[in-house]
Amino acid sequence: MEPVLEKFAKLKQWLSDLGEVAIAFSGGVDSFFLLTASKESALSRVVAVTMVTPFFPKRERMETVKLTKMLDVEHVILEKKSFMDSVILKNPENRCYLCKKELFGELKDFVRRDLGIEHVAEGTNYDDIYGERPGMKAIRELGILSPLLELKFQKEEIRRVLFLLGMPNYEKQPYSCLATRIPYGEQITSELLTRIEKAEDYLFGKGFSQVRVRIHGDLARIEVSPEERAIFFDVVFMDEVSRYLKGLGFKHVALDLEGYGRK
C-alpha cells in the first residue's frame with residue numbers, strides 16, 4: 001500500500017471517531033477529498049452543507065450538486081442572499097475574516113439546530129498554512145474542525161489519493177470567491193459580482209482550466225494559467241474576448257502577462 005493510502009486510512013479513522021459530521025462543502029478538491037473520506041469511513045451520518053452566497057458562482061453550486069450525487073451523500077444547500085455585517089460589502093482588508101466568521105457561524109448553528117450534528121469540518125490542507133489565510137482565524141475561533149490540517153495532508157497527497165480512487169476531479173484547479181477579484185476598499189456590489197461571474201464563465205467556456213478576472217476601476221485584468229497564456233497570441237481570439245467583456249460593461253480589457261499564481 002502506498003504511504004499516502006495509509007495516511008488516508010488514518011484520516012478515515014479520525015473521522016469515524018466523531019460518530020457524525022457535517023462537511024462544509026464548496027466543491028473544491030480539498031472539501032471533496034474530505035467528503036470522500038467521510039463517506040468511506042465508519043461514520044453513522046455524513047452531511048455535506050454548501051453555503052451559497054452572492055460571492056459563490058452558480059457553476060460551483062452546480063458542481064457541488066453533481067459531486068454529492070456521485071458520492072451518494074446527503075447534501076443541504078443554504079441560501080444566503082445578503083450579509084448581516086454590512087462592513088463585509090465595504091471590502092476592508094479583513095473582509096475574509098468577517099465573511100468566514102459570519103458564514104461558518106451560521107453554518108455551525110444550522111448543523112447543530114436543524115441537523116442535530118455536533119461536529120462541523122472543513123477542508124483546509126497543510127499547504128495552506130504557508131499562505132495568507134485570514135479566514136482560518138475565524139474557523140479556529142468557531143471551533144470548526146480541520147482534519148486535513150490536523151493530519152498534515154498536502155495538496156499533492158490529496159490529488160494522489162483521489163487519482164488512486166478513480167475520482168474524475170483530482171486535477172481541478174483551486175478557486176476562490178468572487179469578492180477576491182475586487183481590490184480592498186472598493187464597494188462590492190451585485191452588479192460587479194455578476195459582471196465578474198459572466199466574464200469568467202465565458203473564459204472557462206473557451207476551455208481555460210484556470211481563470212480570474214480582476215477589477216481595476218473600469219479595467220478587467222484577465223489571469224489564466226501561465227501555460228495557457230499563448231492562447232491569446234491569436235489576435236482574432238483577443239478581439240473576440242475584448243468585445244465580449246466590453247459588452248459586459250468594462251471599458252478596458254487586459255491580459256496579465258505573468259498569468260495566475262506567478263506574483
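**Notebook: salt bridges and cores**

I began with R59 and E200, whose side chains meet in a salt bridge at 3.2 Å, N to O (a side-chain nitrogen of Lys or Arg within 4 Å of a carboxyl oxygen of Asp or Glu). The pair links distant parts of the chain, with R59 in helix α3 (residues 58-71) and E200 in helix α8 (residues 190-205), 141 residues apart; helices are DSSP runs of H or I, at least four residues, numbered from the N terminus.

I noted that this is a predicted model, in which local features need pLDDT of at least 70 and side-chain atom pairs count only at pLDDT 80 or more, while totals for chains, interfaces and linings use all residues. Residues are numbered from 1 along each chain as its sequence is written, and side-chain values use heavy atoms, with hydrogens and water left out.

I then looked up burial and found both R59 and E200 buried (under 20% relative accessible area, with a 1.4 Å probe and protein chains only). E223, which forms a salt bridge with R221 at 2.6 Å between the closest N and O atoms, is also buried, at a relative accessible area of 3%. Salt bridges that share partners join R59, R181, E200 and D201 into one network.

Turning to the largest nonpolar core, I found 49 residues, with V49 and F55 among those having the most contacts inside it; such a core is a set of buried Ala, Val, Leu, Ile, Met, Phe, Trp, Tyr and Cys residues joined through side-chain atoms within 4.5 Å. Helix α4 (residues 95-115) gives the most to this core, with 9 residues. Apart from it lies another core of 27 residues, including F8 and L18.

How values were computed: Buried means under 20% relative accessible area, exposed over 50%, partly exposed in between (1.4 Å probe, protein chains only). Helices (H or I, at least four residues) and strands (E, at least two) are DSSP runs, numbered from the N terminus.
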